[in-house]
Amino acid sequence: MSEREEINHRKNYSTNLNLKHHLNEQEAISFDVDYLNFYDDNPTLYNNRFFDSEELFTEEQMIRSGKETPLHIWVAKVDYERQWNDKIRLEMGVKSVLSTFENDIKVETLEDAIWQTDPSFTSNSDLNEKIWAAYVSSDIQLSSTTNARLGLRYEYTDSKLNTDTEGLVVDRQFGAFFPTALVSHQFNEQWSSNFSYSRRITRPTFNEIAPFVYFLDPNTFFSGNSGLQPAITDAIKLDLNYKNIFFSAQYAVQDSAIARFQQQYDPTTERLIFVSENLKNATTWSFTLGMPLDITPWWNMRINATYYCLENNGYINEELTSITQHYAQINTNQSFQLPFDLSAELAFVYTGPSLWGKNRIGANYDMTIGLQKQLGERGGTLRFNVMDVLDSNRIRLSSYEPTQNFFFNGDFDLSQRTFSLSYTRRFGNNKVKAERYRAVGAAEELKRTN
């Protein structure tokens, strides 16, 4: 039996400076500077009690761990845009990102009333990552019914990660081009289509590459992977729209796909480690059909159904293995207009058995409901939400590694039924023009902090 006392102090703040200058009616230039600061302090105490086959207490083990990770991100960005004429619009820009963190992790075991450091888990590391990028894109009206968007982005990355135990464990420099192309065509008032190709990069989160340890029991734990590589995806997509009905088909190949928290068993230490790792590649075929259904004047529904075919290719003990899965996902969003300025929403998602890296994952489903009350023209809006209504958010994993004669079956219960109550009201003159919308220059980097 294991008991855990965990404290997770997370502090963060960010600042942004944005300037936009219109050179004339056709040209504008903008500048963005962002600074993000994150600090994570995570002390945890584990109390493990062991019993024999007759459920008699045999021994007790105390483990404590600590993790401190200050993260700093600087982002500078310059964008230029010009409307050449009625048919061509040009955008270009450059961007620079500097990310640094120091990760101090310590694990100790209580032996004879003295806390002894476990060197296999204790380490201090620091990351210095620089990214430079430049892009150009253009919107082109080819005809009255056909439009195109073409783009090209180049990124260069210089990443170094040092540890006090192994020295320089990551020294990576690489550059790559990322083209995009989209052509849209309006056949008539009812039919339209989009065809696109894109290449994109998915970098590991900072939490994944910062070494850490999270014990489930003394021999089972989660850990980070400082050597995790970015994944690059090439995707082709076709969309067809008929009135409010749409059909989509997509084919994607992801090189060095990131598979999160894959199990690794060490027969020597008899330890089971869950760590994010890179697959060789992952291939996905998907087909989606979506349509609205008006059940009654007060009950509207939208249903989306997607069929997937996944193939993941990865290494188990340096042996390339392939695993394939066909499955479906169905989600529905329903809205209800009720008396007394009340409205309700219900969202339900079902996902069939699929893949989690080299694991097979069981079916999953989730439901969210919401109730909203309009409090008059100037009274604002009151909203009540219940998330994970069915207490069903869990991950069931299974895999078999014949080279080690190792079978894994895990059930991770992430269910947490959550209730929220919110009130919103807009102040000021509703007739005043709204401020311009813009995304901060560090929007991509914010995703890597989760």
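Aspartate 411 and arginine 394 form a salt bridge, with 3.1 Å between the closest N and O atoms. Because aspartate 411 lies in strand S27 (residues 406–413) and arginine 394 in strand S26 (residues 394–401), the pair ties together parts that are 17 residues apart in sequence. Aspartate 411 is partly exposed at 45% relative accessibility, and arginine 394 is also partly exposed, at 24%.

The model is predicted. Its protein chain has 450 residues, of which 35% count as buried, and its secondary structure comes to two helices and 28 strands. The C-alpha trace spans about 80 × 55 × 50 Å along its principal axes.

The structure holds 22 salt bridges. One of them joins glutamate 91 to arginine 149, the closest N and O atoms being 3.7 Å apart. Glutamate 91 is in strand S6 and arginine 149 in strand S9 (residues 146–163), so this pair ties together parts that are 58 residues apart in sequence. Both residues belong to a network of salt bridges that also links Lys20, Glu81, Arg89 and Asp139. In another salt bridge, aspartate 79 and lysine 77 have their closest N and O atoms 2.5 Å apart. Here aspartate 79 is buried, at 12% relative accessibility, whereas lysine 77 is partly exposed, at 23%.

The largest nonpolar core has 18 residues, and Leu71, Ile73, Phe101, Leu127, Phe206 and Ile209 have the most contacts inside it. At least two residues each come from strand S3 (27–41), strand S5 (57–83), S6, strand S8 (123–141) and helix H1 (206–209). S5 gives the largest share, three residues.

On the surface, Glu68, Glu102, Asp104, Asp126 and Asp164 gather in a patch of negative charge. Aspartate 104 is placed in strand S6 (residues 88–111) and is partly exposed, at 38% relative accessibility.

Technical notes. Residues are numbered from 1 along each chain as its sequence is written. This is a predicted model: local features need pLDDT of at least 70, side-chain atom pairs count only at pLDDT 80 or more; totals for chains, interfaces and linings use all residues. Side-chain values use heavy atoms; hydrogens and water are left out. Patches are made of residues with over 30% relative accessible area and no salt bridge: like charges are joined within 9 Å, nonpolar side chains (Val, Leu, Ile, Met, Phe, Trp, Tyr) within 5 Å. Accessible areas come from the Shrake-Rupley method with a 1.4 Å probe; for residues, only the protein chains shown count as cover. A salt bridge is a side-chain nitrogen of Lys or Arg within 4 Å of a carboxyl oxygen of Asp or Glu. Lys and Arg count as positive and Asp and Glu as negative; His and the chain ends are not counted. The place of a charge is taken as NZ of Lys, CZ of Arg, CG of Asp or CD of Glu. Helices (H or I, at least four residues) and strands (E, at least two) are DSSP runs, numbered from the N terminus. Buried means under 20% relative accessible area, exposed over 50%, partly exposed in between (1.4 Å probe, protein chains only). A nonpolar core is a set of buried Ala, Val, Leu, Ile, Met, Phe, Trp, Tyr and Cys residues joined through side-chain atoms within 4.5 Å.
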